[in-house]
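Here's a quick briefing to read with the model open beside you. Take a moment to turn the structure around, then work through the points below.

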Amino acid sequence: MPRQPTTYQFDLFPKPNDADTVQTPQWQALPAEARRSVTKLMVSLILGHVDGEGAAKREGADHDA
């Protein structure tokens, strides 16, 4: 018997116009330190991806069915 999921995708990604959804602040409204931290993290992730970091983990993933 297949396991029934307890969380549905719609629970994770609510409608943007839903009254209960908290609005994401604009990038410019975030404190400068938060913007710098997020930018550094994103650059690190992108460069790590470009350099092939984690490529061994993904190897063979295209064979999953």
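The accessible surface of this protein comes to about 6,700 Å², and 59% of that belongs to carbon and sulfur atoms. Keep in mind that you're looking at a predicted model. Of the 65 residues in the protein, buried ones make up 2%.

**Overall layout**
- The protein has 3 helices and 0 strands.
- Reading from the N terminus on, you'd write the elements as α-α-α.

**Helix α2**
- Helix α2 covers residues 32-50.
- After α2 comes G52, and its phi is positive, near 90°.

**The salt bridge**
- How many salt bridges does a search of the whole structure find? It turns up 1.
- The partners are E33 and R36, whose side chains meet at 3.0 Å, N to O.
- In general, side chains of opposite charge can pair when their charged atoms come close.
- Both E33 and R36 sit in helix α2, and they are 3 residues apart, which is about one turn of the helix.
- R36 has a relative accessible area of 45%, so it counts as partly exposed.

**R35 and its contacts**
- R35 is another residue you'll find in helix α2.
- Leaving out residues up to four places away in sequence, R35 touches W27, Q28 and L30.
- Look at Q28 in particular: the side chain of R35 reaches the backbone oxygen of Q28 at 3.3 Å.

**The nonpolar patch**
- Which residues make the nonpolar surface patch of about 590 Å²? They are W27, V38, M42, L45, I46 and V50.
- W27, which is part of this patch, is also one of the residues that R35 touches.
- V38, another patch member, lies in helix α2.
- Is V38 buried or partly exposed? V38 is partly exposed, since its relative accessible area is 36%, and patch residues need over 30%.

Terms used:
Residues numbered from 1 in each chain as written. Predicted model: local features only at pLDDT ≥ 70, side-chain atom pairs only at ≥ 80, totals over all residues. Heavy atoms only, no water. Patch = residues over 30% accessible without salt bridge, like charges linked within 9 Å, V, L, I, M, F, W, Y side chains within 5 Å. Areas by Shrake-Rupley, 256 points an atom, 1.4 Å probe, with all protein chains shown as cover. Salt bridge = Lys/Arg side-chain N within 4 Å of Asp/Glu carboxyl O. Helix = DSSP H or I, 4+ residues; strand = E, 2+ residues; numbered from the N terminus. Buried < 20%, exposed > 50% of the residue type's maximum accessible area, 1.4 Å probe, protein only. Contact = heavy atoms within 4.5 Å. Polar contact = N/O pair within 3.5 Å; in protein donor to acceptor, adjacent residues only side chain to side chain.
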